[in-house]
Amino acid sequence: MASKEIKVARTGEIKNGEMKQVKAGETELLLVRQDGHFYALAAKCTHYGAPLAEGSLRGNKVVCPWHHACFDVTTGKHLAPPAVTTCPNLPYGLTEMISTCRYLTQCRSMHARL
Amino acid sequence: MTVADDSDGRVFVILGGGAAGAYAAEGMRKEGFQGRIIMVSAEKELPYDRPNCSKDFLQGNAPDEWMPLRDEAFYNSIDVELMMGSKAAKVDVAGRSLTLEDGTDVPYDSLLIATGGKPRKLNVPGHDLEGVYYLRSLEDSRRLRDAGKKAKNVVIIGASFIGMECAFSMSELDCQVTVVAPDRIPFAKKFGEEIGNLITNTHKEKGTTFKLETKVKELKGENGKVQKVLLENGETLDADLVIAGIGVMPNTYMVSGLKLEDDGGIPTDVYLYAGDNVYAAGDIAYFPFPNGQSRIEHWQVACQMGRTAGMNMAGERVPYKEVPFFWTAQHGLSLHYTGHADKFDEVIIDGSVNDQEFLAFYVKDNEVKAVMELSRTSDLAAIHHLMRERRMPEPSAIKNGKVNWPQLVNAL
């Protein structure tokens, strides 16, 4: 299937150590800028769907605002319960999402390939 | 994740199919354990989302498919042998074997006991009448939901988490709810009087009645079915459904050969090791927390302890040192709590309890031991990082000015 690129944000919109939730088509993404790199993962916690952008980022760890599950923003890896690793309710896995978006790193403006 | 390999002949048995057991199985495989993993659970269900059993699921607002943590295919894929619906009769620590009620022996090289709690039973005349319920399992929740849909007058005995979440859920099922408890203000001991009053008043506004500073003396029924609840203060309440939420006891009746605490809890070291090739995790684990040895009966703690125990059984040596966390949902109040404070000298409120927007800091010996929030989720997530790294500010700094919590984390 042919992919298409959608502009989701400008790099200047996210400062180092910040997170921002953006929309790529119908898909909500969490963009993270940490140590000069950009990362993208699913915007919602795999536990009960809280917006991770409203959580707290410390290094590579984001703590979910609702029930404090913790994920590695650079890999999507589940670090602390209550969530489990992946969420069957999501139409995609975190890892897949990240690989789709990894190439956003250090561009002037960020696009998601859908 | 790693799967089993015949070259590793070891057998790890997980007794219990709750949060701790489920996370332990995954922790073992993540650490590369290639022997057999057998999960033995008295419940028929695969590990499920127990916190929801008193909330949305009980109200009929959560579909069945939300409840399992993982499906059977997942456990097959990581080679976890499931023995669901199997009750343990005896754990013989010296003989390294578990005996099931049907007589089957399950020998092990290493055992995780993660049997959780069992509800304390009422000890008053009429306790065995039809219409008296306890809530612990998904099956309990289904039965209670069906009963709640038909019930009119519900009496809840106990005003702690299970009691008050049941009060909320039964009220959502359009029942007339009365809560009976010995407390003067529910949750005052745990959260402080001001927040205890907020929670209680919120229930009252939704039509729930409280009978406080009294206890149930007797349950009366007709044709074996409960009809009246008699209180020690002389009052009589109509009831076609009674729910007792009066705490849980460690479910360790089957264990012999290990030294247990008086309440049946199993003491562990920081690695969740109880001795003699046995680990313990979750509600039953008497763990050496920084504030002293204690048991915490919360879901996230059980998940994290289970995972840590599983990893250590597989050969890791990681201490459990997470910051405890729990949440409760009652009539639109979604309260989140990080840390652990059995007792506190002072509660510092940042924000307004009346406006339902606050952080509450529980201080003991001039140290913030725990923080709870309402409508301040981002701040508490930031505080979680600070507590984990033991970088919480002094109580005086919190009292003296408004702390910008996200900024404090950024500045670390």
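Which residues does B:D345 touch, not counting residues up to four places away in sequence? In this predicted model, with contact taken as heavy atoms within 4.5 Å, B:D345 touches B:V363, B:K364 and B:D365. B:D345 itself lies in the loop between β25 (333–339) and β26 of chain B, where helices (H or I, at least four residues) and strands (E, at least two) are DSSP runs numbered from the N terminus. The C-alpha atoms of B:D345 and B:L386 are separated by 21 Å, the two residues being 41 residues apart along the chain.

Because the model is predicted, local features need pLDDT of at least 70 and side-chain atom pairs count only at pLDDT 80 or more, whereas totals for chains, interfaces and linings use all residues. Residues are numbered from 1 along each chain as its sequence is written, chains are lettered from A and ligands numbered from 1 in the order in which they are written, and side-chain values use heavy atoms, with hydrogens and water left out.

Helix α8 of chain B comprises the twelve residues 377–388, which at 1.5 Å a residue should span 16 Å, and its end C-alpha atoms, 17 Å apart, agree with that value; the expected span is 1.5 Å times one less than the number of residues. The helix is mostly covered, since ten of its twelve residues are buried, where buried means under 20% relative accessible area, exposed over 50%, and partly exposed in between (1.4 Å probe, protein chains only). Among these buried residues are B:T377, B:L380, B:I383 and B:M387. B:D379, also found in helix α8 of chain B, is buried with a relative accessible area of 14%, and B:D379 touches B:L359, B:W405 and B:P406, not counting residues up to four places away in sequence. Just after α8(B), B:R390 takes a positive phi of about 55 degrees.

The structure holds 26 salt bridges over all chains, each being a side-chain nitrogen of Lys or Arg within 4 Å of a carboxyl oxygen of Asp or Glu. One of them joins B:E165 and B:K55, with the closest N and O atoms 3.2 Å apart. This pair links distant parts of the chain, B:E165 in helix α4 (residues 161–172) of chain B and B:K55 in the loop between β2 (36–41) and α2 (72–77) of chain B, 110 residues apart; both B:E165 and B:K55 are buried. The side chains of B:D238 and B:K228 also meet in a salt bridge, at 2.5 Å from N to O. Because B:D238 lies in strand β15 (residues 236–238) of chain B and B:K228 in strand β14 (residues 225–231) of chain B, that pair ties together parts that are ten residues apart in sequence. B:D238 counts as partly exposed at 44% relative accessibility, and B:K228 counts as partly exposed at 34%.

A further salt bridge is formed by the side chains of B:K402 and B:D350 (2.9 Å, N to O). B:K402 lies in the loop between α9 (395–400) and α10 (405–410) of chain B and B:D350 in strand β26 (residues 346–352) of chain B, so the pair ties together parts that are 52 residues apart in sequence. B:K402 is exposed, with a relative accessible area of 67%, whereas B:D350 counts as buried at 12% relative accessibility. Salt bridges that share partners join B:D350, B:E357, B:R376, B:D379 and B:K402 into one network.

B:H331 has a positive phi of about 50 degrees although it is not a glycine; B:H331 is found in the loop between β24 (325–330) and β25 of chain B and is buried, with a relative accessible area of 8%. B:Q356, likewise not a glycine, has a positive phi of about 60 degrees; B:Q356 is found in the loop between β26 and β27 (357–364) of chain B and counts as partly exposed at 32% relative accessibility. In chain A, a cis peptide bond with omega of about 20 degrees joins A:P81 and A:P82, and A:P82 lies in the loop between β8 and α1 of chain A.
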